[in-house]
Structures are given as C-alpha cells and as structure tokens.
Amino acid sequence: METAATPTHCPYCALQCGMNLTPLPRGGVAVSERADFPVNRGALCGKGRTAAQVLSAEARLTSPLVRSRTGALVPAGWDEALDRVAGALGSVRAEHGPDAVGVFGGGGLTNEKAYALGKFARVVLGTSQIDYNGRFCMSSAAAAGTRAFGLDRGLPFPLEDIPRTGCVILVGSNLAETMPPALRFFGELRANGGTLIVVDPRRTRTAEQADLHLAPRPGTDLALALGLLHLVVAEGRTDEEYIRCRTTGWAQARAAAMAHWPEYVERITGVTVPQLRRAVRMFCEPESAMVLTARGPEQQSKGTDTVSAWINLCLATGRPGRPLSGYGCLTGQGNGQGGREHGQKADQLPGYRRLDDPAARRHVAGVWGVDPDALPGPGRSAYELLDALGTDIRALLLMGSNPVVSAPRAAHVEQRLRSLDFLAVCDVVLSETAELADVVLPVTQWAEETGTTTSLEGRVLLRRRAVTPPAGIRSDLEVLHALAARLGIEKGFPADPEEVFGELRRASAGGPADYSGITYGRLARENGVFWPCPESPGEAAGDAGDAGTTGGAGGAGTTEDAGGARTAGTARGAGTAGGAAHPGTPRLFLDRFATEDGRARFVPVSHRASAEEPDAAYPLLLTTGRVVSQYQSGAQTRRVAELNAAAPGPFVELHPRLAVRLGVTDGDPVAVTSRRGRAVAPARVTATIRPDTVFMPFHWPGEGRANTLTNPALDPASRMPEFKTCAVRVEALRTTEPTRSHPRNETGRT
C-alpha cells in the first residue's frame, strides 16, 4: 500500500517553499514537488531537496544528554534531564532573582513555540531577559518600517507582484543563493520589460542578473540612498501630491538629503555620478517601482537609519501603498517574520504588541490569567543578553539557536556561554553551542510536528507532521509543558500545537499582527492566510482544522487580483459584514498607513561612518554572508553530504590586486585579523569583489569562523550588531602543507 504524501513547507528560509513528503517503505523520506504553492510552484533549491536527510537518526540527537562528573555529555532519561533543568533554573532564580535566568530563542521556531517560549519566560520564570537570534537578521528593517508606516511586515505585498512592477532596487541581497526559487520573480520582471538594480559590494550571481549593478563600499548604503533622493529632488521627480496627502515630515527629510550631493556621495560610496543618475531614471520613470532590502544595509550600526533612507526614497516618489509598488524587507529565517511577532523579543508581547504599553499588558495578561503588574518589563537585546552571561545572567535556556557560530564577536560569546552556572539547550542536533551545555534536550523538527510559520510575505502557513519522530524525542512544547509543571505552573502550557495556536489567536486579537481570524482549518483549506486577519463578528472561533489535509491550489487568503484591488487596505482591517471570515490582507496600506493619522512618516537621516573604519593597522573591510549550499550557522546543512560536497568549508574572497600585493594565489591559506580575533581559511581570488574589501561566509566553526572577526557595535534603535562591515588586515600564511581550494560554485551575500 502506497503511503500518501503530506503537503508541507521547507524548514529553511523565509520563502517557506511548498513541498510534499512521503515516508519510504524501507525508511527515509522522499521530498517531491508541490506545484500548488504559489511562491515556489514546485521548485526547490538544494537545501530544500535534501532537507529530509537531517531527519535520519544518524544526523541528529535521539536521547537527552547531561554533563557527567567527568565533564562529558552522557545519555540520560527524560525525567533526569528535565529535573536537572528545572532544578537549576529554579535555584538560580531563588538565589539571584528572576533576571539572573535568561532565555534565548530562534527565528526558526514555529509561531506556537515562539509564543509559548515568551510566555514561559515571563509567567513561569518571571524574567525580562529573553531575546532571540532574529535580532541579528531583520530588526533594523522592522524598526525602520514601524517608525515610517506604523507596522512591520517584511513584504506588504505578495511576491507575485514583483514581475508586474516597473523597477526593483534590490539592496544587499544575493537571493540567487540565499533563496534561489525567488529569483524567477525577478527574471519574470525583466521578461515583462521591467528593470532590476542590484546594490552589493560584490558582483554576485544576483548582481549578474541586474540591468544595473551598484557596488558601494561596505557601510555606505545610507549615503547611497541619500544621494539618490538628492537627485530625485534636484531633477523634479518627487510626487508632490502623494507627499502632501499621504505623508508627514517631508521638509526635514528633504533638507537632510540635499546635504548629500552626487559628487560627495561618489567619494563616500565609490558609485559614480552617472551611475547614480541612471539609477534615478530607472526607478522614477515607470509608473510602479519597489525597493527591497536585506541584510546588507540592515546589519550595520546605522542599519535602521539606512533602511529609513531607502523608505524615504520610496515615499518621495509616491510608491508605498500603491499597487505593485512600495518598500519591503526580504526576511531571512524560516519563521523570521512570525518569530518577531509573538513574544520572544525582549520588548514585545504577542500580536506585535509593545511590552511597555499598559493596554497591551492588560490584554495579554487577561489571556494568560495573570496580573499585568506581574509581567516583567523589557529586557536586554540579543547581543547584550549574550554579553551578560556569567555575570548578571547565571543560567540560560536556549532553543533553536547556535550563537557560538552565529553571534558577532563569537569567541567572546563562546567564553560567556562557558562562564554560565548552567546552560540548557533544546536542539535537533549537537550544535557547537549544545556541546557546551549542562543538559541537551533532543526535540522534534519540522516534518515530525505540526505548527505554523509566517513567510516573508506575511502569509501564515501550516507545516504538517509527515513522519513519526524517533523514540526518545519530544517537542519543544512538551519540554516547556514539563518544565512549567516542575516549576509550579501546572496549567497554561499545553503540548498540543493547535491548542497553543488558539491561545495565540486570542492574545494577538486587536494587535498589529492580528491572527484572531486564522485557524488551522483555514490554513489547510486556503494554502495560507495573510495577516492581519481579525476574527469577524459571528465567525466560528473554533474551525478546528484538519492539519493533515492537502491545501488548496492558488493564492492564499486573498480576494484581490495582482493589481492590488482593495479588499483590506488598512493594517488593521475590520471584520467583514454578515459574519463572513475576514479574507486576510495580502496588500497593506492601500488606503491608509498604520499610524494614528493614517500618514506615513518621513524620517530625516544623514550619513555617518561605520563604527569601525579601516586604518593603518587594519586597512581593509570585511563583509560576511551566505553560500547557496549552507544555511545560517550550518548546524543542520553541514550534516548533509551533498551540501558539504558543494560547500565543504570557509574561504576568503579577495580581489586579484590584493592577492598580488599579498603574494597569494587561489587556495593559499590566509589569515584575516580584526580587533576581536583571527580566522584562517583558503583564499578565493576573484575580480567580482572590490579591491578594498574581503568576504567570508559565516557557516562554519573553528579557525575559519567568520564571526570571530565581526563587530558587535549596535544600532541605537534596533540593537542590530554590525555584521556587514569591520576593519581587518589579511596576511599570507606560509606553510609546507598544501591547502585545497574549495569548489568555486559557492559564493554569496545576504
């Protein structure tokens, strides 16, 4: 008897590509196309095709591990492991206070897990010290989007709108490698007569597809955006009626931009004045246009202001809130959007509510059945939390993150983790961070559990359980349920994901990210629903869905056509008449922005230097990013043979002129040194990078760990570290041992 395929979604990036999973009679799981999902239409990258290989017992943890008296991690039973975790967290809290216990989450956790983790931290532990690794990804774009539009949703329109716009400026994204199935939208854009401008200091695979490639010096994206806005004003290309009717703050933003004349911007960025003028023409002449940013401009100590400058360019030309136009952020992690909406951030409550808002505290406390005054206030951001380990924070519960590889100034973060009194890690594999833990709890992964994620489009999706997990594995929700009970909270932490989602719906109701009208049943039937989606009067709140049914074909939760005809133009659209279900909101801001007066906000910003500029001791710039066959810290993808064959290890990309100056050739070992440490990897000599810049991918631990070098200087608004630029020196290593050059099919920048 043939086993039926289960329709679900990829565990990796924020595209959340659709796929079918079929258990095989002799073991293993087959991954096949799922053509009904509109984002990827069946296409999968190498990571998606091989995702099921990490489900094998050989690749993952199958038993709890505890630190023995000899210092080794040894197998243990679940009761012993959970008792150790609860005992340690409870004793540290009792001796040092609740804020001596920290919680660190991840952008790959489902909405249910992120919600439960935030509730666990604040209700069970009573700690304010919770944040997550998504702070390292989209936080600058989120902060800039919120202050401009009153709302942060990565893309305020579906990806299907991209081929029908007139021009896209893609800033700091190498999506040809970081999310390959999305590249077809940009190919269709050009086939339809539209144009693509790519901003990146490297000529990546994505830049090779562009009509115009701008290669600014790392850390100067803010000046570039201001220079373009200066030219828009000088050439009379502003949309004055739109500015007057739909925005505020233009005079101040205009004055700031006019201080960045083209020749000045050329000196800062290296982008020539003719290139600047051409970019302005390409962007302004079509009726519709978009700016999309990714980690390049965002992972800077001025990332929020940099994104604000690109938003100002969009507002001045009348783009946001119009069909096939606007600003968007290409969220990176699998649940990077949902993960930042429901309570695992330091300053946040579910529904994208602010933790310092008394009304938000009352609403969520009412759902949780606690006193609003008992909820702790905002805590430290991600890097600041990690930096406080072993001093103010004595014990840490970590879920779904690997900061030993992924955090900036990683050697320091590793030392802080080692200094803890107690570390517990919930993970699928024995990551580099899990290796440091006192207790490691093996948990289910994407195909072994049901839950929801929210894609970069704001489309809430149902990931269905397709296979039974190995014996000895529990879900993160089961772990939180068991820990809460051991710490004295018997109720309020169900292990059933649909029950958790039901509570999440109530907690998010009326908030910016309102999921109250979304149910598992709708997600299964409609192939996803775009938030905000409030519950309509008279709508059946239950609609307990069949989490195992096949989702319908076509677009999710929309009654609009791709031209953006209005259905729910406001950010908090009201329920529909007659008790019909709210259709969801594929396209935001068509009628008004999510601010008090409905107008978008210009934010005046000016260029400033990066936190660390080159000098005589460190004369070059380092930028970091990803390659197509690895993902984030590599904890999972480095366990897949096919992916490791394509991308077996780190490398240092450098320009031929720099290679000649150093006396190195392709494959020679080089040392890259910053003020924080030293990394060693083979040289990869290429003319696709600026002569003043070197690039390293950040997927590997050990001596080639790129984040040993990166700068934790924080953006004042988003608290984003400056991953994308720091000062380094590069030196040739003389050795009698030949160093193999890694395959040259791997390049990439997020």
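Helices α3 and α20 are roughly perpendicular to each other (an angle of 65 to 115 degrees). The model is a predicted one, in which local features need pLDDT of at least 70 and side-chain atom pairs count only at pLDDT 80 or more, while totals for chains, interfaces and linings use all residues. Residues are numbered from 1 along each chain as its sequence is written, and side-chain values use heavy atoms, with hydrogens and water left out.

The axes of α3 (residues 111-125) and α20 (residues 497-508) cross at roughly 70° and come within 9 Å; axes are lines fitted to C-alpha atoms over the stretch in contact, with angles from 0 to 180 degrees between N-to-C directions. Contact (heavy atoms within 4.5 Å) involves N111, E112, Y115 and K119 of α3 together with P497, V500, F501, E503, L504 and A507 of α20. By class, six of these residues are nonpolar, one is polar and three are charged.

For α7 (residues 221-234) and α13, the axes come within 8 Å at a crossing angle of roughly 20°. These two helices are therefore roughly parallel to each other (angles under 35 degrees). From α7, D221, L222, L224, A225, L226, L228, L229 and V232 meet D305, T306, A309, W310, N312, L313 and A316 of α13. This contact has 11 nonpolar, two polar and two charged residues.

Q299 is located in the loop that joins α12 (295-298) to α13 (303-316). Q299 is buried, at a relative accessible area of 8% (buried means under 20%, with a 1.4 Å probe and protein chains only). A polar atom of the Q299 side chain lies 2.6 Å from the backbone oxygen of F136.

Notes:
Helices (H or I, at least four residues) and strands (E, at least two) are DSSP runs, numbered from the N terminus. Buried means under 20% relative accessible area, exposed over 50%, partly exposed in between (1.4 Å probe, protein chains only). A polar contact is a pair of N or O atoms within 3.5 Å; within protein, one must be able to donate a hydrogen and the other to accept it, and residues adjacent in sequence count only if both atoms are side-chain atoms. Angles under 35 degrees count as roughly parallel, over 145 as roughly antiparallel, 65 to 115 as roughly perpendicular and the rest as oblique. Ala, Val, Leu, Ile, Met, Phe, Trp, Tyr, Cys and Pro count as nonpolar, Asp, Glu, Lys and Arg as charged, and the others, Gly among them, as polar.
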